[in-house]
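Morning, everyone. Have a look at the model first.

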Amino acid sequence: MKSSFGLLQKQSLAASPQLIESIRLLQLTHAELHQFVDQELEKNPLLEPAPNDEGPGEVEGPSWAGSPDLPRQGKSQSNATNTAPGDRPAFEEFVALAETLHDHVARQISLTAFTPHERLIANQLAGHLDDTGYVQVSPSDLAGNLNVGQADVERVLGILQHFDPPGIFARTLSECLEIQLRERNRFDPAMAVLVANLEMLARRDFQKLKLRCGVDEEDLLDMLQEIRALDPKPGNTFQSGTPECVIPDVWVMPAHGGGWQIELDPNTLPKVLINQSYVAEVSSRAAKKSKDMTFLNECLQNANWLIRSLDQRAKTILKVATEIVRQQDAFLQYGVDYLRPLNLRTVADAINMHESTVSRVTSNKYMVTPRGVFELKYFFTVAIASCEGGDAHSAEAVRHRIKAMVAEESFDSVLSDDDIADRLKECGIDLARRTVTKYREAMNIPSSIQRRREKRLWRNGDQSLKDS
């Protein structure tokens, strides 16, 4: 066997740590980004936060090629009365901290004549209370943990179940409804059977419910109305903690003279500067080849990288948002029926970026529009073909049409999935019946049989009320 040595030259791409970090910055939320910048400020002595009165500067967006009626991003040159995002006070400044459920319960426990032994059990039960008002521990487990009798835990739990709001400290949905019905003195034997068979109610199997409860249709209607008036999650009336609000990254506002004005929210853009005077002072004292100078150069390089990365992140978000607005102009003007099908590749090709970059930018980023606040990913929907060979339809717009059709149903005209598919075809939307079924179930809309049964029941109930 003959062996030989040789050189082989080939090219390959290797991502530097700073490049990887720059890519990661794109998908960070504004809160995570501020946290990252704060950590960099602590590590790098050359960096300092920019003064509050110093704006971030205008970030030039891409020109609207072929769309002269849509402006470029930046401050409007007109006398429009719209307030810039940076001039708006923070929403959190006006939000009062509401009483939480646990605070409300703790106050009631302190006002109840418990013995020290009972108060210990009550506080432990309150500690296992979730935000919806249900207790997430069994009396037997808690009794074993506290080394007390299970009967004592059951007795204290019974007292807590009379607390406000009604239905609190229940272990199941049936128990929660039972507590509220007892509070209203409406827990009779027929209602007890109905509460014990909630799965039939969920299936809208009213015929079996009438037989099992031993009531007629009119009585069942009254019972169902009482059930509907109850709160299955009584704890939701309280704030579970510090109010959370979505802080948008992009503002889209009507521009003076038509089109849209697109701005990044300055509150989501961290502003950092290099302290040049400190750099000059340290450089003058450190020797050129010393460890101090090496550390200084490294800090200066990292600082410049951070400033460039933040600037590039802002420009990238703005480019993607600008293209989304251009693509979804009809949605912003006329509503969800005009939402166009859109995918990541379309936006990526339009702004000369990679598809993965667009995906990172649209994750956990929000846009304020005249139609409301939307995550950027909301505007990317599947295309559904048109029957007439025209433009494709957005899946979100089709779901909206299905929901509107069901909402307009009358007592005598309940649409089956086939009927909905036929009506969509009349509107130029080619959608199979099984796809209609999938969309309907995803929106928690019952089948036509269940809707017809429920409408018949409510119609009979309304008629009996008119007759009385």
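Helix α13, residues 291-327, lies across β2, β3 and β5 (366-369) and runs at about 155° to β3. Helices (H or I, at least four residues) and strands (E, at least two) are DSSP runs numbered from the N terminus; axes are lines fitted to C-alpha atoms, for helices over the stretch in contact, with angles from 0 to 180 degrees between N-to-C directions. Contact means heavy atoms within 4.5 Å.

This is a predicted model, where local features need pLDDT of at least 70, side-chain atom pairs count only at pLDDT 80 or more, and totals for chains, interfaces and linings use all residues. Residues are numbered from 1 along each chain as its sequence is written, and side-chain values use heavy atoms, leaving out hydrogens and water.

Now the sheet. It is open, with four strands in the order β3-β2-β5-β6 and mixed pairing; two strands pair if DSSP finds at least two bridges between them. β3 (260-264) and β6 (372-375) each have a single partner strand, so one side of each lacks a neighbour in the sheet. On average, neighbouring strands are turned by 20° against each other, direction ignored. β2, residues 250-254, pairs with β3 in the antiparallel sense over five bridges, and M253 has Q261 as its bridge partner in β3.

Which residues touch the most other members of the largest nonpolar core? They are V250, V252 and M367, in a core of 30 residues. Such a core is a set of buried Ala, Val, Leu, Ile, Met, Phe, Trp, Tyr and Cys residues joined through side-chain atoms within 4.5 Å, buried being under 20% relative accessible area with a 1.4 Å probe, protein chains only. The largest share, seven residues, comes from α13.

Terms used: Buried < 20%, exposed > 50% of the residue type's maximum accessible area, 1.4 Å probe, protein only.
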